[in-house]
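Hi,

Here is the structure I promised to pass on. Could you have a look when you find a moment?

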Amino acid sequence: MAYYISSTIPLSDNVCIFDMIGKEDRDGNYKLSISVARGGEISTKKMQLICDINISRIYSAGGVYIAQYNDDPLVTAFGNCYSVYRHDKPENRNTVVWSKNEEEGENQNNSELPEGFVIQGILDHREHGTLVCLWNKEFDEKSFGKVLGIENGFEIFADKNRRLYVCPTYIAENRNGDICVSDTNAVVVTDALGVFRFRYEGTPDTKNFDPYGICCNSSCNIIVADMKNNTIHIIGPDGKINNYIKNIGMPRALCIGKNDDLYVGEWGTDSIKVYSKTT
């Protein structure tokens, strides 16, 4: 099934979209929250939130990962913060829900952040609650990561003593409960219990597969942005490629809207593209 651009959502200026989530409100309107990388102008700890009618923008220095939690976005902080924030309404803005650092104090939840790791992607999972991707800040053969549940200490990191992740970034839950993670040159999929299912590394004609934003539609297809190849891969729940959307300018952030419409945020853009499936 093919996709076409059904609409675009204009932005007031050219931005680098880092992450994106969407939620339908009680009136049936689909509202977006986008994380925007803004160079060194704004520190991560002093994030700015700008709200338009149907879109909220979270500005930070390098961009932050965001997830939907009830009516509020959850936001992860980089560097030495190791924190997860609620960040939407004025009374919730920058409210720490999980933290372990010198400034914020001891861990605010049940799980422990392993020494030397930083938080990356974030997900509110139906069974495990808030899941975060962790990376050990090393490179090459020393680089590895894990997925951690901050409420219950649930962990995914290995399959039969083989590490699953090199540097996990974006994370999504499929409708079948699978946990889908964008990793270095691969999408790694486990079931809801953390049991390894498959690893998608692109197709033979894909050079330097570079997955970033990830989401899943009502058919349990896994949709991932391949930033270096200006392509979106649509992967079936069995790990086989179903389709592509090509010739997109550095796609970085993805989310699914009503009727399985695909919202695409690019790295350097003045609009969000909305793709619909042909009937």
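Below are my notes on its aromatic rings and nonpolar cores.

This is a predicted model, so local features need pLDDT of at least 70 and side-chain atom pairs pLDDT 80 or more, while totals for chains, interfaces and linings use all residues. Residues are numbered from 1 along each chain as its sequence is written, and side-chain values use heavy atoms, without hydrogens and water.

A search of the whole structure gives nine aromatic pairs (Phe, Tyr or Trp rings, six-membered for Trp, with centres within 6.5 Å; planes under 30 degrees apart are stacked, over 60 edge-to-face, the rest tilted). Tyr170 and Tyr212 pair edge-to-face, at 6.3 Å between centres and 70° between planes. Because Tyr170 is in the loop between β14 (162-163) and β15 (171-173) and Tyr212 in strand β19 (residues 211-216), this pair ties together parts 42 residues apart in sequence (strands are DSSP E runs of at least two residues, numbered from the N terminus). Ring pairs also join Tyr170 and Tyr212 with Phe18, Tyr65 and Trp267 in a cluster. Over the ring of Trp267 sits the charged end of Arg252, 4.9 Å from the centre (CZ of Arg or NZ of Lys within 6 Å of the centre and within 35 degrees of the normal).

The largest nonpolar core has 24 residues, with Val132, Val187, Ile214 and Ile222 making the most contacts inside it (buried Ala, Val, Leu, Ile, Met, Phe, Trp, Tyr and Cys joined through side-chain atoms within 4.5 Å; buried is under 20% relative accessible area, 1.4 Å probe, protein chains only). β19 is among the strands that each supply at least two of its residues.

Best wishes

Note on methods:
Helix = DSSP H or I, 4+ residues; strand = E, 2+ residues; numbered from the N terminus. Buried < 20%, exposed > 50% of the residue type's maximum accessible area, 1.4 Å probe, protein only.
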